[in-house]
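I opened this entry to look up the fold, the core and the charged pairs. My notes follow in that order.

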Amino acid sequence: MSLTPFLRLPLTDLTGCLINHQTYDKCGKFEMKMMECFEAYGLERGKRECADLISDFQECVGMQKQLMRFHAMRNERYKQWLKGERKGQEFFADPPRVDAY
């Protein structure tokens, strides 16, 4: 994990702030906490000290646990359908009412 560019030029200093997650409501706070921790400890020591913040940010961006949960639920529905516990249209749960939100 490297936060600094391989070749540091004035152009990389100007454009380095363009790629971040601050514009997204979901992951902006995680990224800010992670960067503040890196600023406090430095990059090398920050990798150890900020490991929990790094993993939270990576989970927010990648959504690996959410995707694993989705696949587990889908596989369970499929197993129930193969056993005959779910019939035809019951493969998926009924959608909520239109005015439920």
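What share of the contacts between residues at least 6 apart in sequence joins residues at least 24 apart? I find 34%. I keep in mind that this is a predicted model.

**Fold.** I looked up the secondary structure and got five helices and zero strands. The order along the sequence reads α-α-α-α-α.

**Surface.** I checked burial next. Of the 101 residues, 13% count as buried. The protein exposes about 8,900 Å², and carbon and sulfur atoms supply 59% of that area.

**Core.** I then listed the largest nonpolar core. It has eight residues: Cys27, Met34, Cys37, Phe38, Cys50, Ile54, Phe57 and Cys60. Helices α2 (28-41) and α4 (51-62) are the elements that give two or more residues to this core. I followed up on Cys27. Leaving aside neighbours within four places in sequence, Cys27 is in contact with His21, Phe57, Cys60 and Val61.

**Salt bridges.** I count three.

- Lys47 pairs with Glu44 at 3.9 Å, N to O. Both lie in helix α3 (residues 43-49), three residues apart, about one turn of the helix. Lys47 is partly exposed at 32% relative accessible area, whereas Glu44 counts as exposed at 55%.
- Arg45 pairs with Glu49, with the closest N and O atoms 3.8 Å apart. These two also lie in helix α3, four residues apart. I note both as partly exposed: Arg45 at 43%, Glu49 at 39%.
- Asp99 pairs with Arg97, with the closest N and O atoms 3.2 Å apart. Asp99 is exposed at 59%, and Arg97 counts as exposed at 60%.

Definitions and conventions:
Residues are numbered from 1 along each chain as its sequence is written. This is a predicted model: local features need pLDDT of at least 70, side-chain atom pairs count only at pLDDT 80 or more; totals for chains, interfaces and linings use all residues. Side-chain values use heavy atoms; hydrogens and water are left out. Buried means under 20% relative accessible area, exposed over 50%, partly exposed in between (1.4 Å probe, protein chains only). Contact means heavy atoms within 4.5 Å. Accessible areas come from the Shrake-Rupley method with a 1.4 Å probe; for residues, only the protein chains shown count as cover. A nonpolar core is a set of buried Ala, Val, Leu, Ile, Met, Phe, Trp, Tyr and Cys residues joined through side-chain atoms within 4.5 Å. A salt bridge is a side-chain nitrogen of Lys or Arg within 4 Å of a carboxyl oxygen of Asp or Glu.
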